[in-house]
Amino acid sequence: MKKVLVLNGPNLNLLGTREPSQYGTATLQDVEGMCRAAGERLGFEVECFQSNWEGALIDKIHEYGRLYKEGAAHGCVFNPGAFTHTSVALHDAIKGVDGLPVIECHISNVHARESFRHHSYVSPAAAGIVIGFGVDGYVLALEGLARKC
Ligand code: DQA
């Protein structure tokens, strides 16, 4: 069974208590459980990883780039959190692994929020984008990966 990485960036470990009016009340553990259940339905083995450190996220993208080339991974669903709006390094990591389909996912509709959230360094490197569907967006992104890639 091919692997799919569900990758979460900074502050997403605080889901459940962090700004519930923006992000809802589901915890990261709840979200990861939803993703594993969706993976079972779609025929993927889902690995979940969260870090507040940019380099750890980059290392994980590199690892999955290698797995993708070996035919062992199908893709990645990635919520880069605030690094979305700042990180050329994450853009370069996705471009650098060349091929791994990455679906960028945001819980909130970033375009309806502050202007500094309107630009994403990740989007030009992403295979698709899911924005504003709450935590259900992770499942929609996994379904998109199954259909598109
Ligand atoms: C977010 C949106 C980002 O702007 C923010 O910094 C986050 C979460 C979202 O899922 O809506 O941490 O990626």
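Start at the ligand: one of its oxygen atoms sits 2.6 Å from an N or O atom in the side chain of Ser108, which is within the cut-off for a polar contact (a pair of N or O atoms within 3.5 Å; within protein, one must be able to donate a hydrogen and the other to accept it, and residues adjacent in sequence count only if both atoms are side-chain atoms). Taken alone, the ligand exposes 320 Å², and the protein buries 99% of that (accessible areas come from the Shrake-Rupley method with a 1.4 Å probe, and for residues only the protein chains shown count as cover).

Keep in mind that this is a predicted model, in which local features need pLDDT of at least 70 and side-chain atom pairs count only at pLDDT 80 or more, while totals for chains, interfaces and linings use all residues. Residues are numbered from 1 along each chain as its sequence is written, and side-chain values use heavy atoms, with hydrogens and water left out.

Who else surrounds the ligand? The ligand's surroundings include Arg18, Tyr23, Asn79, His106 and Val110, where being near means having a heavy atom within 4 Å. By type, the shell divides into 4 nonpolar, 5 polar and 2 charged residues (Ala, Val, Leu, Ile, Met, Phe, Trp, Tyr, Cys and Pro count as nonpolar, Asp, Glu, Lys and Arg as charged, and the others, Gly among them, as polar).

Back to Arg117 for a moment. Arg117 is placed in the loop between S4 and strand S5 (128–131); helices (H or I, at least four residues) and strands (E, at least two) are DSSP runs, numbered from the N terminus. Its side chain also makes a polar contact with the side chain of Glu114, at 2.7 Å. Arg117 counts as buried because its relative accessibility is 14% (buried means under 20% relative accessible area, exposed over 50%, partly exposed in between, with a 1.4 Å probe and protein chains only).

Now for the nonpolar core (a set of buried Ala, Val, Leu, Ile, Met, Phe, Trp, Tyr and Cys residues joined through side-chain atoms within 4.5 Å). The largest one has 24 residues, and Val6, Val77 and Tyr138 touch the most other members. Elements giving two or more residues to this core include strand S1 (3–8), helix H2 (28–42) and helix H5 (136–148). H5 gives the most, with 5 residues. In soluble globular proteins, nonpolar side chains tend to be buried together.

What about the cysteines? The structure holds 0 disulfides (a disulfide is a pair of cysteine sulfur atoms within 2.5 Å). Cys76 can't pair up because its sulfur is 11 Å from the closest cysteine sulfur, in Cys105, too far for a bond. The sulfur of Cys105 is 8.0 Å from its closest cysteine sulfur, in Cys35, so that is too far for a bond as well. Cys76 is buried at 1% relative accessibility, and Cys105 is buried at 0%.

Finally, look at the loop between S1 and helix H1 (20–23), where you'll find Asn11. Most residues other than glycine have a negative phi. Asn11, though, has a positive phi near 75 degrees, and Glu19, in the loop between S1 and H1, has one of about 35 degrees. Asn11 is partly exposed at 35% relative accessibility, and Glu19 is partly exposed at 40%.
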